[in-house]
Amino acid sequence: MSTLIETQGLQKYFKTSKGFLHAVDGIDLKIEEGQTLGVVGESGCGKSTLGRAVLRLQEPTAGKIFYEGRDLMAMNKAEMHHMRTEMQMIFQDPYSSLNPRMSIWELIAEPMLINNMYKSDKAGLNKRIEELMDTVGLAKRLTHSYPHELDGGRRQRIGVARALSLNPKFIVCDEPVSALDVSIQAQILNLLMDLQDERGLTYMFITHDLSVVKHISNEIMVMYMGTCVERAPKEELFAHPVHPYTKALLAAIPEPDIDKRGSLQVLKGEVSSPINPAPGCRFAHRCPYAKPECMGKDLTMHEITPGHYVACPYCQELKG
Ligand SMILES: Nc1ncnc2c1ncn2[C@@H]1O[C@H](COP(=O)(O)OP(=O)(O)OP(=O)(O)O)[C@@H](O)[C@H]1O
Ligand SMILES: [Mg+2]
C-alpha cells in the first residue's frame, strides 16, 4: 500500500477581533491508498477546517500537504485546479450545499462542465450522468427533479454523484450522514463503502458520531481543539483507548442494552478558548489526571504500540 495523502504540521488560524483562533494546530496525518481515516471530536474542534485545509479549499496558515508524494502547498492556482479533480468533498447538509434552482441533471453536470469535460458532447454527458445516477442509486425518472422534491438520503446521493463525477481518488466526507434519519444513514454509509471497494477510493471521514466512524474507518484520529490527541487503527483505539479525552468520548457512546449501561462520564472543567491558546495540552483544564506541568509541555505524539500515537507525556502511566 502506498500513502495517498499526508500532512505535516498543518495549521489553519483565523484572525478574529480577539486574536488568532487556532482551528487546526499542527496536524500530522497519513492516509494509505484505499483506506479510510475517521476524524472525530466535539463540535468546533476543527474537523471541517482540517478537511478543507487538506484540500486547500481553505488556505492553510502553515504546514505541508503531500498528495502521492507531490507537495500541494508548492502548487500554483492552475496546478491546484487540476489536482482538485482527484480530491473531492462531500458535505454534511446536502440541502444547503445544493443549489435549489438546479435540477439533478444540472447539479451532477456542473462539476464536469466547470472542468471542461463533455463541453461539446451532450450525448456523452447525458450518458455519464445516467451512469452516475445509477451508481449512487438514483432512479432515472428523477433526472429533472429539484433538490426540494427529494428526501435527505436522495439529496445526499446527489452530493456523492457530484463528488464522483470527476473520478477522484480521495474524498473528504464531512459529516455526510449526520443530517440524515438513522435508517437512511446506513444506506449512505453502505454506498460509500461499496464505492470504496469498487474504485479503491481513499476517504477522510469526518464525524462526531463514534458508532459511524467505527463502521467505516480503518484508522481513527481524535481531535481536541485543533490538535490530534490520539491516533490508532480502529480496533486498537476502541479496545485500548489511552488519552482521557478519547476515553470520555467512547464512554459517551449510547449503550442500547440497559443492563450494560454504566453511569455517564461527564467531563468537568471549562473548555479553554481556541483563541491564542496557551502552550501545552489543550485538554489539561478538563483532564482528571492533569499535572501542573501539562500546561507548558509540548504536545509531542508518543507511539505507545505500533501505529498507536497519544499526545500525552503520561501516556505510559495511563496505558496501565
Ligand atoms: N471562517 C471562519 N472564521 C473564523 N473562525 C472560524 C471560521 N471557520 C471556523 N471557525 C472556527 O474554527 C473552529 C473550528 O471550526 P470547525 O467548523 O472546523 O469545527 P468542527 O469540528 O467541524 O465543528 P462541527 O462539529 O460543529 O462541524 C471553531 O471555533 C469555529 O468557530
Ligand atoms: Mg464541521
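**A buried proline, a helix and a ligand**

Tutor: Pro147 is buried, with a relative accessible area of 1%; buried means under 20% relative accessible area, exposed over 50% and partly exposed in between, with a 1.4 Å probe and protein chains only. The model is predicted: local features need pLDDT of at least 70, side-chain atom pairs count only at pLDDT 80 or more, and totals for chains, interfaces and linings use all residues. Residues are numbered from 1 along each chain as its sequence is written, chains are lettered from A and ligands numbered from 1 in the order in which they are written, and side-chain values use heavy atoms, with hydrogens and water left out.

Student: In the loop between which elements is the place of Pro147?

Tutor: Helices (H or I, at least four residues) and strands (E, at least two) are DSSP runs, numbered from the N terminus. Pro147 belongs to the loop between α5 (122-135) and α6.

Student: How many residues of α6 are buried?

Tutor: The buried residues of α6 include Gly153, Ile158 and Arg162. The helix is mostly covered, and the number buried, of its 13 residues, is 11.

Student: With the side chain of which residue does the side chain of Arg162 make a polar contact?

Tutor: A polar contact is a pair of N or O atoms within 3.5 Å; within protein, one must be able to donate a hydrogen and the other to accept it, and residues adjacent in sequence count only if both atoms are side-chain atoms. Arg162 lies in helix α6. At 2.9 Å, the partner of its side chain is Glu110.

Student: Which element gives the most to the shell around ligand 1?

Tutor: The residues around ligand 1 include Phe14, Ser43, Gly44 and Ser48; a residue counts as near if one of its heavy atoms lies within 4 Å. A polar side-chain atom of Ser48 lies 2.8 Å from an oxygen atom of ligand 1. The elements that give two or more residues to this shell are β2 (19-32) and α1 (47-54). With 3 residues, the element that gives the most is α1.

Student: What distance separates a polar side-chain atom of Ser43 from an oxygen atom of ligand 1?

Tutor: Gly44 places a backbone N or O atom 2.8 Å from an oxygen atom of ligand 1. For the polar side-chain atom of Ser43, the distance to an oxygen atom of ligand 1 is 2.5 Å.
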